[in-house]
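User: I am new to this structure and would like a close look at one part of it. Please keep the answer connected and plain.

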Amino acid sequence: MRSRTAPSWIVWHLADRDADALAAPHTEDGDANSTARAWIKAYSKDAQGQVTADFPEEGSVRQEVVLHFAESHRTQEITVRINNETRGVVLDSPDPAAESP
């Protein structure tokens, strides 16, 4: 999973409401399935509309990515692991805050 394809992959699984697939690339300790279900509850409807991603900094091992959900005007940051040994994402608890104007 390359860092630029990970956001698309996450959005697809959010839109499909597929918690198992969303939790599969989670690389941190903890219960990825409950976190994935919380993400689906927070963002599955938004993920069915237009979503864009910003890559604020170039990362060598981890890269922060900001997802922008157009319909609700909300954002969510994710961390993508991009080294060759472990590929995946860090699903933190969702924070469905509105974008600042």
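Is R17 buried or exposed? Please set that residue in its surroundings, then go on to the rest of the protein.

Analyst: R17 is exposed, because its relative accessible area is 53% and the cut-off for exposed is over 50%. The model is a predicted one, and the values here are computed from it. R17 sits in the loop that joins α1 (6–16) to α2 (19–23). Its backbone also deserves a look: the phi of R17 is positive, near 60°, and the residue is not a glycine. Most residues other than glycine have a negative phi. A positive phi also turns up at H73, with a value of about 60°, and H73 is not a glycine either. H73 belongs to the loop between β2 (62–69) and β3 (74–82).

The protein has three helices and five strands, and along the sequence they come in the order α-α-α-β-β-β-β-β. The loop of R17 therefore falls between two helices, α1 and α2, by the DSSP runs that set the numbering. The loop of H73 lies between two strands, β2 and β3.

Helix α3 covers residues 32–47 and includes T35. In contrast to the exposed R17, T35 is buried, because its relative accessible area of 17% is under the 20% cut-off. Leaving aside residues up to four places away in sequence, T35 touches L91, D92 and S93.

D92 has a relative accessibility of 43%, which makes it partly exposed. D92 is also part of a negative surface patch, together with E57, E64 and E77. The value of 43% for D92 is over the 30% that a patch residue needs.

Some totals complete the picture. The protein has 101 residues, of which 42% count as buried; T35 is a buried residue. Among contacts with a separation of 6 or more, 47% are between residues 24 or more positions apart. The protein exposes about 5,900 Å², and carbon and sulfur atoms supply 43% of that area.

Note on methods
Residues are numbered from 1 along each chain as its sequence is written. This is a predicted model: local features need pLDDT of at least 70, side-chain atom pairs count only at pLDDT 80 or more; totals for chains, interfaces and linings use all residues. Side-chain values use heavy atoms; hydrogens and water are left out. Helices (H or I, at least four residues) and strands (E, at least two) are DSSP runs, numbered from the N terminus. Buried means under 20% relative accessible area, exposed over 50%, partly exposed in between (1.4 Å probe, protein chains only). Contact means heavy atoms within 4.5 Å. Accessible areas come from the Shrake-Rupley method with a 1.4 Å probe; for residues, only the protein chains shown count as cover. Patches are made of residues with over 30% relative accessible area and no salt bridge: like charges are joined within 9 Å, nonpolar side chains (Val, Leu, Ile, Met, Phe, Trp, Tyr) within 5 Å. A salt bridge is a side-chain nitrogen of Lys or Arg within 4 Å of a carboxyl oxygen of Asp or Glu. Lys and Arg count as positive and Asp and Glu as negative; His and the chain ends are not counted. The place of a charge is taken as NZ of Lys, CZ of Arg, CG of Asp or CD of Glu.
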